[in-house]
Amino acid sequence: MTTRIAAVHGTLAPHRHAQQEITDVIAGLCLPAGADRGVLDRLHRSVGVRARHLVVPLDRYARLNGFGAANDVFVEAATELGARALRGALRGAGLGPEDVDMLMFASVTGVATPSIDARIVGRLGLRPDVKRLPVFGLGCVAGAAGIARLHDYLRGWPEHVAVLVSVELCTLTFQRGDASTANLVATGLFGDGAAAVVACGARWRGPADPAPATPATPAASGPWVVATRSHLYPGTERTMGWDVGDSGFQVVLDRSVPDVVRRHLADDVHGFLHEHGLKPQDVTAWVCHPGGPRVLDTVADVLDLPDGALDVTWRSLAEVGNLSSASVLHVLRDTLAERPPPPGTPGLLLAMGPGFCSELVLLRW
């Protein structure tokens, strides 16, 4: 059975700044007094980001003392941004909060109990019997993995509607007084935003869909999820993730990430497509997480992608930075809005993240 993606909606944190403005503030927060900022400037220029959205005003970051203060901001803002993203996605699908049967929430930039999804239920008026699944720890891969897990759920409950909400407030994790390369790269690459996906099972019948759609005649609102694949690479646990301490989430970001992608991704993608009688040249849309310039160059190289295949991803990276799990969902939204492939053709949504791992989602438009 297949799953229809009925709508994708993205939203961004309220405070937009050019990259140079952010770099100037980071210099004061992370570098010792009087230190040469040449390395910081070079790293922030190299990540391909022109501007980002921040969850709090730029001058407030110096006053966020400790993990508790940052996490308090996360809980309030994540609830607001997540609710806004889900409201927009439901509106795009022609559905109401009462139609949602399962709600998955993904984030790796803050923690809350009750979880953010529980708070969204009350704010938007979802049913009290909605199934909830908060997910923490998948990082950048969670947007793709979330769609894959919605698909798994809807194969068992094909008459249901399932939604994914991703909120990542990455700037709340930036470490003051930390001039390590990993922290400086993170402070140049990551931004704040949210996204939501509404998915419908193959036998769902709703007010805007009196008869079930079929893979041969997909709804105009989105593609079908045909199949998924997860792959965890042993021995790569320290490639990407967090070290959690008194100051909160300290980024682990090893320079070997592109090398891991180069070693593994091509075999994964070719094998996955081959199982479905496809080759990379058959794919009409590559919906790729914007992990950074070196990662994107490696993806294009090992998969031998044609020129322009990752243009939507590159543009998302430049305009808003890497939004962790929400980023690939923004790329999917933009692909749907700007470059929808011919009906009936295959697409591939892919992301990578802590573990180190990859998630592949085969789509049909």
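Where does UniProt place the feature "active site"?

Reply: The model is a predicted one, in which local features need pLDDT of at least 70 and side-chain atom pairs count only at pLDDT 80 or more, while totals for chains, interfaces and linings use all residues. Residues are numbered from 1 along each chain as its sequence is written, and side-chain values use heavy atoms, with hydrogens and water left out.

According to UniProt, in an unreviewed entry, the feature "active site" lies at Cys140; such positions are given in the numbering used here, feature names are shortened, and annotations may be inferred rather than shown by experiment. Cysteine 140 sits in the loop between E5 and helix H5 (142-156). Helices (H or I, at least four residues) and strands (E, at least two) are DSSP runs, numbered from the N terminus. With a relative accessible area of 7%, cysteine 140 is buried; buried means under 20%, exposed over 50%, and partly exposed in between, for a 1.4 Å probe and protein chains only. Setting aside residues up to four places away in sequence, cysteine 140 touches Phe190, His289, Asn322, Ser324, Ser325, Ala351, Met352 and Pro354, where contact means heavy atoms within 4.5 Å.

Strand E5 (131-136) also belongs to what covers the buried residues of H4, together with helix H3 (66-93), strand E4 (102-107) and strand E6 (161-169), among others. In helix H4 (residues 116-124), the buried residues are Ile116, Asp117, Ile120, Val121 and Leu124. Seen down the axis of H4, these residues fall within an arc of 145°, so they line one face of the helix; the arc is that of the directions from the helix axis to the C-beta atoms. After H4 comes glycine 125, whose phi is positive, near 85°.

Another part to consider is glutamine 250, found in strand E10 (residues 248-253). Glutamine 250 is partly exposed, with a relative accessible area of 33%. Leaving aside its neighbours within four places in sequence, glutamine 250 is in contact with Gln175, Asp178, Gly241, Trp242 and Asp243. The C-alpha atoms of glutamine 250 and glycine 193 are separated by 20 Å, the two residues being 57 residues apart along the chain.
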